[in-house]
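Thanks for making time this morning.

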Amino acid sequence: MRPAAFITGITGMVVVVGLLMAGEARLGSGAAGEETASAEETATAPADTAPEAGKPAAMSDDRAEMIARSVEPAAAPAPDPGDGVTSKPADALLQAETAAGKTASPASKKAMELARPAVDNAGILSFGERKLQLAGIVPTPVDRICGPADRQWPCGMMAKTALRLLLRNRSVTCDLDTAEWKETATTACRLGTQDLGSWLAENGWAEAAANSPLAEIAETARQARKGIYGDDPRRK
């Protein structure tokens with residue numbers, strides 16, 4: 001082979017390889033440019049072109065708060081400290097202090113021991129010229145008559161006798177403002193721990209006064225036909 005032909009062949013191969021490399025570089029540059037343009041278009045696209053499914057995610061915090069408030073009931077405004085409204089804790093404290101004051105206040109009456117009371121009737125005790133009417137009951141007059149026409153009996157005198165037999169000249173304790181009361185006072189008296197008014201009502205020897213706490217006891221005695229509600233005990 002001649003040297004000239006060999007050189008010509010080598011030169012042709014170099015030219016072909018150069019052309020191929022140049023074409024490949026040009027193709028790569030074009031693809032990169034298209035990718036860059038696509039990214040720029042996506043970044044600058046307006047919000048209105050976003051897909052419908054993406055709208056809830058794009059809601060602002062202010063918008064969400066506005067919707068939430070529109071469906072909630074309006075809250076009552078807190079009272080101003082200067083508008084004269086007192087808070088509930090203050091009310092509760094005031095009530096507690098008032099109750100404590102009432103509990104701590106001294107009783108207006110004192111328990112006083114009185115010796116050998118006389119019995120005027122089933123409900124009234126006498127100490128000389130002064131008298132005490134037992135609280136919670138209506139005294140039974142000594143001249144009261146009980147029972148039907150054919151079986152009447154002196155229930156008033158029997159009631160007085162029953163109270164006298166209970167006391168037997170013993171001292172009683174009564175709640176009084178002073179030991180030197182005048183005329184007739186109404187109060188509670190006890191023989192030991194036994195309340196005398198309660199004893200009379202329970203045994204049917206006296207009726208309960210209006211709005212008396214002894215009303216239930218007296219009604220029980222009436223239903224049981226005790227004392228003045230029953231028959232002459234002397235016939236039993």
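This is a predicted model: local features need pLDDT of at least 70, side-chain atom pairs count only at pLDDT 80 or more; totals for chains, interfaces and linings use all residues.

Let me begin with helix α4, which runs over residues 155-167 and, with its 13 residues, reaches 19 Å from its first C-alpha to its last, close to the 18 Å expected. Its buried residues are Cys155, Gly156, Ala159, Lys160, Ala162, Leu163, Leu166 and Leu167. Viewed down the axis of α4, these buried residues fall within an arc of 155 degrees, so they line one face of the helix. As for what the buried residues pack against, the partners are β2, β3, β6, β8 and α5.

In strand β2 we find Asn121, which counts as buried because its relative accessible area is 12%, under the 20% cut-off. The side chain of Asn121 reaches the backbone nitrogen of Ile124 at 3.1 Å, and among the contacts of Asn121 beyond its sequence neighbours are Lys160 and Leu163, both of which are on the list of buried residues in α4.

In strand β3, residues 124-127, sits Ser126, which is buried at 8% relative accessibility. Its side chain makes a polar contact with the side chain of Asp120 at 3.1 Å, and beyond its neighbours within four places in sequence, Ser126 is in contact with Pro117, Ala118, Asp120 and Lys131.

Finally, the charged pairs: how many salt bridges are there? The count comes to seven, and I will describe three of them, starting with Glu180 and Arg130, which meet at 3.9 Å, N to O. This pair links distant parts of the chain, since Glu180 is in the loop between β6 and β7 whereas Arg130 is in strand β4, 50 residues apart. Glu180 is exposed at 57%, while Arg130 is partly exposed at 24%. Arg225 pairs with Asp231 at 3.2 Å, with Arg225 partly exposed at 47% and Asp231 partly exposed at 37%. In the pair of Asp232 and Arg234, at 2.8 Å, Asp232 is buried at 6%, whereas Arg234 is exposed at 52%.

Conventions
Residues are numbered from 1 along each chain as its sequence is written. Side-chain values use heavy atoms; hydrogens and water are left out. Helices (H or I, at least four residues) and strands (E, at least two) are DSSP runs, numbered from the N terminus. Buried means under 20% relative accessible area, exposed over 50%, partly exposed in between (1.4 Å probe, protein chains only). Contact means heavy atoms within 4.5 Å. A polar contact is a pair of N or O atoms within 3.5 Å; within protein, one must be able to donate a hydrogen and the other to accept it, and residues adjacent in sequence count only if both atoms are side-chain atoms. The expected span of a helix is 1.5 Å times one less than its number of residues. The arc is that of the directions from the helix axis to the C-beta atoms. A salt bridge is a side-chain nitrogen of Lys or Arg within 4 Å of a carboxyl oxygen of Asp or Glu.
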